[in-house]
Amino acid sequence: VSTVDASHRDVEAVLAAYALDAVDRRDAAAVERHVPDCPDCRRELAAHREAAAALADDLTASPAGVWERIQAEIDRSTPRREVQGRWRGPRS
Amino acid sequence: MYNYDDCSDAALAVAIGRWHEDALAEAYRRNAGAVYALARRVLGDAAHAEEVVQETFLRLWQEPEKFDPDRGSLRSYLLARTHGRAIDVLRSETSRHRREEREAQLTAEAGYDIEREVWDLAVAEHVKGAVADLPEDQRQAVALAYFGGHTYREVAQMLGVPEGTVKSRIRNGLSRLRSSLIGAGVRL
C-alpha cells in the first residue's frame with residue numbers, strides 16, 4: 001500500500017490486520033490517513049476492534065501490586081487536584 | 001465516596017476526567033484482568049505485562065477523553081491500547097532478543113499445536129465456541145497476528161503464503177468471529 005495513493009480497496013484489505021496491530025508503519029499510516037474520511041472503513045474497523053477485544057476477554061486476575069503502583073504514580077505526577085473529594089487544585 | 005458499581009463506561013470516563021480516583025479504580029476493577037491477560041499473552045512475561053497494565057490505566061487517567069463511548073466499550077478501547085503498547089514493547093530493540101528466542105522456540109515445535117495452546121490459554125469460554133467455528137487457516141492467521149504479535153507480512157513468510165492471502169484470512173476470520181459471537185448472544 002503506497003502511503004500517497006492508497007486506494008479505498010487497499011486500505012480496506014488491511015483494516016482487520018490493522019485492528020490486530022499486525023501491520024507495519026507504512027500500512028498503518030495509510031489506514032490512519034484514509035479512515036477518518038471513510039464511514040465504511042470506520043465502521044468496519046470498529047467491528048474488527050470489537051472482535052479483537054472479544055479475543056482478549058479473559059478472566060485472569062491482575063497481579064497484586066499494580067493498582068498500588070498506579071496510585072503512587074497518580075500521587076506523584078498529579079499532585080494538585082481533587083481526588084475523592086479531596087481538593088488538590090484544578091485539572092491543568 | 002461515590003459508588004461507581006453501576007456506572008456506565010461513559011460516566012466513568014467523565015468522572016475520571018474530573019480526577020475521581022474511585023472511578024479509575026472501578027475501571028481497573030472491571031478491566032485489569034483482561035488487560036493483564038492480553039499483555040501477558042503477547043509479551044510472554046509477567047514483569048513487562050505489569051508495566052503495560054500500569055501504563056494503560058495511567059494513560060486513561062491522563063487522557064480519558066481519548067475514549068469515545070460511541071466507538072465501542074471502554075474494555076475494547078483499553079484492550080486495543082494494551083495490545084498496541086504490548087506490540088510496541090515486543091517490536092522494540094530491547095526485546096528483540098527475547099522475541100527471536102520465542103520465535104525459535106515456536107518454530108522448533110509444531111506450529112499448529114502451539115497455536116491451539118495459545119487459544120486454549122488465552123480465550124474465554126464463550127469465545128472458544130466462536131473460535132472453533134473458524135476455518136483452521138483463519139484461526140491460525142489471527143492467532144499468529146494477535147497473540148504472536150506478528151505483522152501479516154511476517155505471518156505470510158512464516159506460512160509461505162502470499163501476503164494477500166493472509167490479509168484475507170485475518171479479515172474473514174475477524175468478520176466471522178464477530179458474527180458468531182453476536183449470534184451466540186455475546187454483547188460486542
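1. The lining of the largest pocket is made up of 17 charged, 14 nonpolar and 6 polar residues. In this classification Ala, Val, Leu, Ile, Met, Phe, Trp, Tyr, Cys and Pro are nonpolar, Asp, Glu, Lys and Arg are charged, and the others, Gly among them, are polar.

2. The model is predicted: local features need pLDDT of at least 70 and side-chain atom pairs count only at pLDDT 80 or more, while totals for chains, interfaces and linings use all residues. Residues are numbered from 1 along each chain as its sequence is written, chains are lettered from A and ligands numbered from 1 in the order in which they are written, and side-chain values use heavy atoms, with hydrogens and water left out.

3. The volume of the largest pocket is about 1300 Å³. Its lining comprises 37 residues, of which Tyr18(A), Asp21(A), Glu32(A), Arg49(A) and Arg81(B) are the closest to the centre. Elements giving two or more residues to this lining are H1 (8-19), H2 (25-34) and H3 (39-55) of chain A, and H3 (46-62) and H4 (74-91) of chain B. H4(B) gives the most, 9 residues. Helices (H or I, at least four residues) and strands (E, at least two) are DSSP runs, numbered from the N terminus. On a 1 Å grid over the protein atoms alone, a pocket is an open set of points with protein on both sides within 12 Å along at least five of seven lines, a cavity is a set where a 1.4 Å probe fits but cannot get out, and lining residues have an atom within 4 Å of a point. Points are joined across faces, edges and corners, and a volume is the space filled by probe spheres set on them.

4. How many cavities of 30 Å³ or more does the structure hold? There is 1, and the largest cavity has a volume of about 40 Å³. Its lining consists of Ala19(A), Arg49(A), Ala52(A), Ala53(A), Ser76(B), Leu79(B), Ala80(B), His83(B) and Tyr146(B). H3 of chain A and H4 of chain B are the elements that each give two or more of these residues. H4(B) has the largest share, with 4 residues. By class, 6 of the lining residues are nonpolar, 2 polar and 1 charged.

5. The axes of H1(A) and H3(A) lie 8 Å apart at an angle of about 20°. H1(A) is therefore roughly parallel to H3(A), and the crossing is right-handed. From H1(A), His8(A), Val11(A), Glu12(A), Leu15(A), Ala16(A), Tyr18(A) and Ala19(A) meet Cys41(A), Glu44(A), Leu45(A), His48(A), Arg49(A) and Ala52(A) of H3(A). This contact has 8 nonpolar, 2 polar and 3 charged residues. Axes are lines fitted to C-alpha atoms, for helices over the stretch in contact, with angles from 0 to 180 degrees between N-to-C directions. Angles under 35 degrees count as roughly parallel, over 145 as roughly antiparallel, 65 to 115 as roughly perpendicular and the rest as oblique. A crossing is right-handed if the near helix is turned clockwise from the far one by less than a right angle, and left-handed if anticlockwise. Contact means heavy atoms within 4.5 Å.

6. H8(B) (residues 136-146) packs on H10(B) (residues 163-183) at about 100°, with the axes 8 Å apart. These two helices are therefore roughly perpendicular.

7. H8(B) and H9(B) (residues 152-159) have axes that come within 9 Å and cross at roughly 125°. They are therefore oblique to each other, in a right-handed crossing.
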